[in-house]
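Could you look over the charged pairs with me?

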Amino acid sequence: MSRITVEDLFDLKETMAAELFAGLTYPWEALPKIGDFIRKLGATLDEAEYEKVGEDVWIARSAKVFPSAYIHGPAIIGKEAEVRHCAFIRGNALVGEGAVVGNSTELKNVVLFNKVQVPHYNYVGDSILGFRAHMGAGSITSNVKSDKKLVKVHTPEGDIETGIKKFGAMVGDGVEVGCGSILNPGTVVGRESNIYPLSSVRGVVPERSIYKKQGEVIEKHED
């Protein structure tokens, strides 16, 4: 059985957004709620730890934001996070503690759990990345189908209708996405899985798996 619920994919102790997922079964149900949640949460942040620097933009005083980065609200940049040269944060973005948003990386309508790394030329849109998830250089989430229809999550048990037009990927805790990979709309990657470089991924990748190519996914074994 596919393990793709909020509980299956994420450790909610590793995000400021735990309340966002309260009462939800599937994590993508949070996507339409991210912007309003950030505004509500931002208004409660301790001014000794967070500075409000623009309309609905809160940045932790311990975070490092390069002068060339652009951040549009609503957005929260967590403690010890790093937003590097020419990063483009388009709004509705919660960047977790110790996360890295790299050079020329673009974010839009996302939650990055603590310690997430999207460090080099990544696009992450309408997606949620779990604790310590890492996207290799040039890997992206594709968030709109070419036919512009609503996104379905394809599971071995059958399709799940999401009712959402823009939906990139749900990436579980500890996932490693190889360089140059594309996570197609509605992709769900289970905890601790690895995606080979230059992969085109769709559907559900089980937890603790190695995705080599479509139709070739093997269970990960500990050495």
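Predicted model: local features only at pLDDT ≥ 70, side-chain atom pairs only at ≥ 80, totals over all residues.

1. Residues are numbered from 1 along each chain as its sequence is written, and side-chain values use heavy atoms, with hydrogens and water left out.

2. Searching the whole structure gives 16 salt bridges (a side-chain nitrogen of Lys or Arg within 4 Å of a carboxyl oxygen of Asp or Glu).

3. Do have a look at Lys 79 and Glu 49, whose side chains form a salt bridge at 3.2 Å, N to O. Lys 79 sits in the loop between strand S5 (75–77) and strand S6 (82–83), and Glu 49 in the loop between helix H2 (34–42) and strand S1 (50–54), so the bridge ties together parts 30 residues apart in sequence. Helices (H or I, at least four residues) and strands (E, at least two) are DSSP runs, numbered from the N terminus. Lys 79 is partly exposed at 26% relative accessible area, and Glu 49 is partly exposed at 35% (buried is under 20%, exposed over 50%, partly exposed in between; 1.4 Å probe, protein chains only).

4. Lys 13 and Asp 11 also pair, at 3.3 Å from N to O. Here Lys 13 is exposed at 70%, while Asp 11 is partly exposed at 22%.

5. In the salt bridge of Glu 216 with Lys 213, the closest N and O atoms are 4.0 Å apart. Glu 216 is partly exposed at 30% and Lys 213 exposed at 51%. Elsewhere, shared partners link Arg 3, Asp 8, Glu 207 and Arg 208 into one salt-bridge network.
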